[in-house]
Amino acid sequence: MSKVKPIENKEIVQAIVIADSYNVNFEPFTSRKPLALLPVANVPLIEYTLESLNRNGVEEVIVFCSNHIDQVKRYIHQRQIDRCTWSINMKVSIISSESCRSIGEAIRDLDARNTIRGNVLLLGVDSLTNANLAALLDEHKRLSKLDRGAVMTVVYKEGLRKMRTGNEVLIAMEPTTRRLLYHQRLTQQERERTFEVPLELFLTNRDVAVCYGLLDPQIAVCSHAALPLFADNFDFLTRDDFVRGVLINEEILNSRIYVAKLAREEYAMRVNNWQSFHLVNLDVINRWLYPLVPDTAISEFRQQYKHFRNNIYRHRNVRLSRSCELDGDLVVGEESEICEGTYLRQSVVGRGCRIGRNCRIVNSFLMEGAVVGDGTVLNHCILERGVTVGEGCTINPGTVLGEGVEIPNRLVVTGLLLQASKPSDDEWAAPVQKIADHAYTIPVVDEDDSDSEEEDEKTGQPVLNQPMMIAPLPERYAPSVYEPSDDECESGPASPVPEDANIFLSEVIESLKRGLSDRTNAEYLILEINSSRYAYNMALCEVNYYVVKAILQIMLQQDGVATNTVGTLRRLLAYFGVVFRNYIRDRDAMMDCLKAFEEMCPANETLRTKIAQLVHYLYEQDLISEEVIIEWYDALEDETIKTILSKLVQWLQESSEEEEEEEDED
């Protein structure tokens, strides 16, 4: 008789995506559009979420929606018809309920429908990440086998220094098991100087690790017992309520929560207000969310954007005047037009936008169909779909212009949320101010008046629903991303102590060696180097210098480098070229590169004798310009190196003179 094989029940990998934030932080956008369609670098939030889940092997996604349900359904249905990448191997269904007004109510609704059959990923549509979610799910399953009371694994990420987005928390956990012991959300205003942690934590637990300023991207892995806990406790309105309730009643509920901290190269951030919207746009442009970046065609099979130097992404179909200046960190969308004399930096231009002559646009985000008149200045602001700004206007930091708003010529707008039509009268609402025929203010709670209401009466925790005016951001990506600041140029590399510089160099070498041996995507090396840069507070000119120095040190350790030095460098740059070009991309960075050669020559015979051939190779590959080589040569103090380079410099000067003569003859 043949043996009957037992049927194995394979668990379907499921994910719950909450498509609403249940607050008014994104007014006026969410008054007409769903949060899921808020564009980040010209791609709706829902695309980032679904593509990330698809890349992690999720088979079934449940999108829970309460606001603008028809728009969400139409969009997802159309994307499924278009056969986008995530629609092929992943089933996406929409469950809606207009009566739900919190995440807790949404989870209770899902529990009543019995749609979840096991462990499930829980995240918001506003949670952007490139983390290995499949590994987090596997780790939670392992914890569940060891502890049957493990109901949730919450994900945290190292926070930003001296910056608050509303996503920061303070936690305490057991360092060995990573069991969560305490959770406190930090205030948006960064006013606290001290924190109170219950003494009982340290008396009842042998080891306690306190982590301050972690980012909470609202991503978690839930066991099948988590949803019934939401259903049984109607005071669980947010995920914070759930975490707090489980921690307080751990023994009664026989439930425990565990912590997963993402690695440095993994990105996770929640777009919870206009302030974090700015940050995430810049993060995507600066490739922290790789591979979910504009030039990789998110959810598409065909590449739409081309990636140029200084992180400029241009759609294949744009109209740019020859005299417009694209400085860096830019996304320019399809069918957009930028006229003569206009300057743009750290901004996103949506599909079909038109920007007039002699405008200046810095750190601003224009959505589809926005029109900007001649001579207008946009600084740290947001223009929603179909906005028209007249000629000679100044839109100052903190301004959000809602869909269809029209700003007349030569008007100055500072720090206002504006919508196109006058809202209905409400005796409890703040007075509405008319700015223009199609521009009315949106009432916003004043910070001074809201202090008493910002904390929950029972817990003292800040309320997540508090609307917030955006303000000028600190320079997270300073102009030194494209060129060193004046301080860096004049003072040189002097900020970190030598120990920090040496540790930074060793970490860069280690990252490059590991990437070379494993042949991982070179883009990940840039993320690791940037993480180390912020950890050791390195100036950009120092990063340029040490990256080149690390590549040279790896080159000198290769077999046969003495007999074929240029060939060895060529082979390394075939892999490290992406990293090299990311940092050595302007005149000052090229000078930092050559200084690395200069500093290493006296200590290494191979490099000293072959420096002319190596510099010539970099010149031929268009990695170092002729002007920088000559300027560096003129400032050299080492006569030995200068003698070796003299023939190369003479050849460069002669070829330059010949080109000038040919141009004069023409």
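**Strand β34 (residues 417-419) runs antiparallel to strand β36 (residues 439-441), the two being joined by two bridges.** The model is predicted: local features need pLDDT of at least 70 and side-chain atom pairs count only at pLDDT 80 or more, while totals for chains, interfaces and linings use all residues. Residues are numbered from 1 along each chain as its sequence is written, and side-chain values use heavy atoms, with hydrogens and water left out. Across from Q419 stands Y440 in β36. Strands (E, at least two residues) and helices (H or I, at least four) are DSSP runs, numbered from the N terminus; two strands pair if DSSP finds at least two bridges between them.

**β34 and β36 belong to an open sheet of ten strands with mixed pairing.** The strand order is β15-β16-β19-β22-β25-β28-β31-β34-β36-β35. At the edges stand β15 and β35 (434-436), each with a single partner strand, so one side of each has no neighbour in the sheet.

**Three strands make up an open sheet with antiparallel pairing, in the order β10-β9-β11.** β10 (180-185) and β11 are its edge strands; each has a single partner strand, so one side of each is left without a neighbour. On average, neighbouring strands of this sheet are turned by 20 degrees against each other, direction ignored (axes are lines fitted to C-alpha atoms, for helices over the stretch in contact, and angles run from 0 to 180 degrees between N-to-C directions). Five bridges pair strand β9 (residues 168-173) with β10 in the antiparallel sense. V169 faces R185 of β10.

**R239 and D216 form a salt bridge through their side chains, at 3.0 Å from N to O.** This pair links distant parts of the chain: R239 is in helix α8 (residues 239-248), whereas D216 is in the loop between β11 (209-215) and β12 (219-222), 23 residues apart. Both R239 and D216 are buried, meaning under 20% relative accessible area, with exposed being over 50% and partly exposed in between (1.4 Å probe, protein chains only). A salt bridge is a side-chain nitrogen of Lys or Arg within 4 Å of a carboxyl oxygen of Asp or Glu. The structure holds 32 salt bridges.

**Within helix α18 (residues 605-620), E605 and R608 lie three residues apart, about one turn of the helix.** The two residues form a salt bridge, with their closest N and O atoms 2.1 Å apart. E605 is partly exposed, its relative accessible area being 47%. R608 is also partly exposed, at 21%. Elsewhere, salt bridges that share partners join R185, D216, R239 and D240 into one network.

**The twelve residues of helix α10 (residues 274-285) reach 17 Å from the first C-alpha to the last.** That span is close to the 16 Å expected at 1.5 Å a residue, where the expected span is 1.5 Å times one less than the number of residues. Twelve of the twelve residues are buried, so α10 is largely enclosed by the rest of the structure. Among them are W274, F277, H278, L282 and D283. The N-terminal end of α10 is capped by N273, which has a side-chain oxygen 3.1 Å from the backbone nitrogen of Q275.

**R287 follows α10 and has a positive phi, near 70 degrees.** Its side chain meets that of E523 in a salt bridge (3.0 Å, N to O). Distant parts of the chain are linked by this pair, with E523 in helix α14 (residues 522-535) and R287 in the loop between α10 and β15 (305-308), 236 residues apart. E523 and R287 are both buried.

**Helix α1 (residues 45-55) is mostly covered, with ten of its eleven residues buried.** The buried residues of α1 include L45, I46, Y48, L50 and L53. After α1 comes G57, which has a positive phi, near 80 degrees.

**The structure holds zero disulfides.** C324 is in no disulfide, and the nearest cysteine sulfur, that of C339, is 8.8 Å away; a disulfide is a pair of cysteine sulfur atoms within 2.5 Å. C324 counts as buried because its relative accessibility is 13%. C601 also counts as buried, at 0% relative accessibility.

Notes
A polar contact is a pair of N or O atoms within 3.5 Å; within protein, one must be able to donate a hydrogen and the other to accept it, and residues adjacent in sequence count only if both atoms are side-chain atoms.
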